[in-house]
Amino acid sequence: MRKSNLLTLSAMACLAAMMLTSCEERTGTTQEVPALDSNEISSTGTMSLEREIISVPSPAQIAVLIERANIPFDATLMNPLANASMYVTEPRKAMGLGVLGADLAYAANYESGQLNSDYFNAIGKLASDLQIIDHLDPKLITSLNNNIGNKDELLRLNARFFQAGDNYMKESQRPDLAALVLLGGWVEALYISVKAGRANEDIIARIGEQKYAASSMTRLVGKITEPTLKPVQDQLALLNDEFKGLRSIYTYQKPINDSKEKITYLRGKTTVEVTGQQLAALEQAISNLRNLIIR
């Protein structure tokens, strides 16, 4: 498979779970915000899949947080490539694609050389099996290939590539697979976060913020009628139960009114408190779910 194709596939997978970790909520005071389509990723990163609006952390953002905390790279946290050969059904391949995409985002941030290429190959194989590779714009492939050394541009292009992949899933009426790619990337990003950053307050805060994503993911994946996914669905529900036990704290900030645009910006912030005992329980539940997905 050509290198440019592999780079494109890896980029799309890396953004399988991409969302803003925080943003200002925007509401119209005199104009109604149009409803999202059932499968949409906006330019801000807000995803609506099967009418579930989900906010999950970007694997790339998590990798940056880990690097900035001066936490050494640990390749043992990544899903071993040998596991990819065991993914024979479409649901398993979709979850594996998301997992490997998150792994690649983690490794690429440390410029891991040959390891990146190996994960490119594995991602390319899974994406090809899912018939995604032939539905990407060649111009985007060229742009990515020309900017592979520019991290900022690479992230921007990644978002465009994942949009293209999502559009294909939507047009081919395969939202279940899109949801499973999202699940795989989300769980792997959580796993790397809790294992590498359990002593870092910023990373723990990001993990706690997934309380709301966990609820949405549980409902979304619970809608999939695939008997082989039952263990994954059950363990996801258990993880959601652990997240439900976290305490949310809302801090009020005065809204900003833009009279010209007739828009009100809500600036209140919600943080989630995570105790040491709760973090340990989350780590175990995340590890259990991840093991079901990758093996």
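**Figure 1. Overview of the predicted protein model.** The protein exposes about 14400 Å², and carbon and sulfur atoms supply 50% of this area; accessible areas come from the Shrake-Rupley method with a 1.4 Å probe, and for residues only the protein chains shown count as cover. The model is predicted, so local features need pLDDT of at least 70 and side-chain atom pairs count only at pLDDT 80 or more, whereas totals for chains, interfaces and linings use all residues. Residues are numbered from 1 along each chain as its sequence is written, and side-chain values use heavy atoms, with hydrogens and water left out. The protein contains 10 helices and eight strands; these are DSSP runs numbered from the N terminus, helices being H or I with at least four residues and strands being E with at least two. Of the 295 residues, 48% are buried; buried means under 20% relative accessible area, exposed over 50%, and partly exposed in between (1.4 Å probe, protein chains only). Among contacts (heavy atoms within 4.5 Å) with a separation of 6 or more, 78% join residues 24 or more positions apart.

**Figure 2. Close-up of the salt bridge between Glu90 and Arg174.** A salt bridge is a side-chain nitrogen of Lys or Arg within 4 Å of a carboxyl oxygen of Asp or Glu, and by this rule the count comes to nine salt bridges. In this view, the side chains of Glu90 and Arg174 meet with an N to O distance of 3.4 Å. Glu90 belongs to helix H3 (residues 90-108) and Arg174 to the loop between helix H6 (151-171) and helix H7 (175-196), so the pair ties together parts that are 84 residues apart in sequence. Glu90 is partly exposed, at 38% relative accessible area, while Arg174 is buried, at 15%.

**Figure 3. Close-up of the salt-bridge network of Lys93, Lys125 and Asp129.** The closest N and O atoms of Asp129 and Lys125 are 2.8 Å apart in their salt bridge. Both residues lie in helix H4 (residues 114-129), where they are four residues apart, about one turn of the helix. Asp129 is partly exposed, with a relative accessibility of 26%. Lys93 is also linked into this network of salt bridges.

**Figure 4. Close-up of the salt bridge between Asp234 and Lys230.** The two side chains meet at 2.9 Å, N to O. Asp234 and Lys230 are separated by about one helical turn because they are four residues apart in helix H9 (residues 230-244). Asp234 is partly exposed at 37% relative accessibility, and Lys230 is partly exposed at 44%.
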